[in-house]
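Me: I would like to learn how to read a few features of a protein model. Please take them one at a time, with the general idea before the case.

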Amino acid sequence: MSQREHFGSRFAVIAAMAGSAVGLGNIWRFPYVLGEYGGAAFILVYVAASLFVALPIFYAESVIGRRSRLDTYGAMRKLAPGSAWKWAGLLTVVSPLLILSYYSVVGGWSVEYLFKSLSYSFTGNSTEAEVQNFFPQFISSTWQPLVSHTIFMAMVAGIVLGGIKKGIERFSKVAMPLLFVLIIVILAYAISLPGSFAGVEYLLKPDFSRLSADAVAAALGQAFFSLSLGVGTVLTYASYVKKDENLMVSGVETAVSDLVFAIIAAFAVMPAVFAAGIAPGSGPGLVFQTLPFIFNKMGQGMPLLSYLISISFFVTILAAALTSAISMLEVGVAFLVDEKGFKRRSATLLLAFCTWLIGVVCSLSFGPLSEVKLLGLTFFDFLDKLCSNWLLPLGGLVFTLFVGWRMKKADVHDEFTNAGSCNRRTFPIIYILIRYVAPIGIAIIFLSSLFL
Ligand code: PHE
């Protein structure tokens, strides 16, 4: 284990962790969920859910990962020898790969849209109908989305092949600052659009009447997905964090970056949605349908500006999706390398291929396989529901129960406080959150998935 790689600096830890957190979940999911459940009022619930449930799970995963310095399965095997916990660890090797298979399809859409932007398709040269029909035609066709999915997965594999320092760290350190700069530029552009104010208002006006139990469950689910919890990515990344890094600080910094990015993204996307006159609840296609429409319209007056902005926007989505996707693949790669003696190269290629294959079925489920249903859902929707509503919360529950009830309190204390040198006062609070509050929060997600 002595040659296990480490992130090279504090900034690298944050860039990688925040890179995993900031992704498609922030850019397309958050604005839409936010609008659906009462705008500003929802933000309050979301912040509370992040602080009291999501962050403790983040810490639980960090403690297991850094303590064991292993993959999710190996970590449980090492910290609870001879018990069945390792099988729970194995579950969280499988779930990120399932997420990656459909995430890569959406990542592929951003590749296609970037090409489209680069070839001036959204710069005033297309008719409104062309821009509007592009999305449904594109996703329901057979080959084009498959090619994009393949390109995206190849990029993910390419970065992960480079390893922790030369691959994941190097890419995240460039991509993360770039993402923040680009999203602010896009925000400035979006709020200057005529008709955009309605979008700002939509996000700012708190509508407490829509804050139902359902909204609380949605806030928790969003916090889970957005912070990449319950699928072992935080655990695996934490296993590459040096012993003298402060786990509490990196958790807060990751959560704050994720939240700030999500809010900026909401304010960048929603005004454009309103300016385009599109329904805010249009789901996964929202950003892909709305923004090209806006870019194209603006392009009729200011072609260069809209050209640059549209490229920036799709680079943002692509980079955000990549930094998240690499963290999903790394969980499985760490497992094969640590447990099965694989070389990083063969582990990466094998897993990228398997997830790519499942992704092919997801991609086709928008077109030729759209009639094939599992429990009434297309394959893509089925996997998304299975992961977000079940596997993520289940994984989160495993991690909190493990740290709160299985590990010795002294060991958890030792890891969280760097052997007593920091975070000593906050530890008792965090421990209660991990032991009681977070599992109850997760139970709420489960019950609401069952009954709502
Ligand atoms: N957090 C990522 C996003 O917001 C998604 C993700 C989920 C990444 C689970 C890793 C693991 O898009």
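Me: How far apart should the end C-alpha atoms of helix α10 be, and how far apart are they?
Reply: An α-helix has 3.6 residues a turn, so residues three or four places apart point the same way. Helices here are DSSP runs (H or I, at least four residues), numbered from the N terminus. The expected span is 1.5 Å times one less than the number of residues. Helix α10 covers residues 213–226, and its 14 residues should span 20 Å; the end C-alpha atoms are 20 Å apart, which agrees. This is a predicted model, in which local features need pLDDT of at least 70 and side-chain atom pairs count only at pLDDT 80 or more, while totals for chains, interfaces and linings use all residues. Residues are numbered from 1 along each chain as its sequence is written, and side-chain values use heavy atoms, with hydrogens and water left out.

Me: How many residues of α10 are buried?
Reply: Buried means under 20% relative accessible area, exposed over 50%, and partly exposed in between (1.4 Å probe, protein chains only). Eleven of the 14 residues of α10 are buried, so the helix is largely enclosed by the rest of the structure. Among them are Ala215, Leu220, Gln222 and Phe225. Just after α10, Ser228 takes a positive phi of about 60°.

Me: Which residues lie nearest the centre of the largest cavity?
Reply: Rolling a probe the size of a water molecule over the atoms shows where empty space is left. A cavity is a set of points, on a 1 Å grid over the protein atoms alone, where a 1.4 Å probe fits but cannot get out; lining residues have an atom within 4 Å of a point. Points are joined across faces, edges and corners, and a volume is the space filled by probe spheres set on them. The structure holds three cavities of 30 Å³ or more, and the largest has about 140 Å³ of space. Of the 17 residues that line the largest cavity, Ser20, Tyr103, Phe225, Ser228 and Met328 lie nearest its centre. Two or more lining residues come from each of α1 (10–21), α2 (24–36), α5, α10 and α14.

Me: Which residue lies over the face of Phe225?
Reply: A charge sits over a ring if NZ of Lys or CZ of Arg is within 6 Å of the ring centre and within 35 degrees of the ring normal. Arg29 lies over the face of Phe225, at 5.8 Å from the ring centre. The charged end of Arg435 sits over the ring of Trp405, 3.7 Å from its centre.

Me: How many aromatic pairs are there?
Reply: A pair of aromatic rings is described by the distance of the centres and the angle of the planes. Rings of Phe, Tyr and Trp (its six-membered ring) pair if their centres lie within 6.5 Å; planes under 30 degrees apart count as stacked, over 60 as edge-to-face and the rest as tilted. The count comes to 38 aromatic pairs. Tyr120 and Tyr307 are stacked, at 4.2 Å centre to centre with 10° between the planes. Tyr120 lies in the loop between α5 (85–118) and α6 (128–140) and Tyr307 in helix α14, so the pair ties together parts 187 residues apart in sequence. Tyr120 is partly exposed at 44%, whereas Tyr307 is buried at 14%.

Me: Where is Val333, and is this residue buried or exposed?
Reply: Val333 is in helix α14 (residues 303–340) and is buried, with a relative accessible area of 0%.

Technical notes
On a 1 Å grid over the protein atoms alone, a cavity is a set of points where a 1.4 Å probe fits but cannot get out, and a pocket is an open set with protein on both sides within 12 Å along at least five of seven lines; lining residues have an atom within 4 Å of a point.
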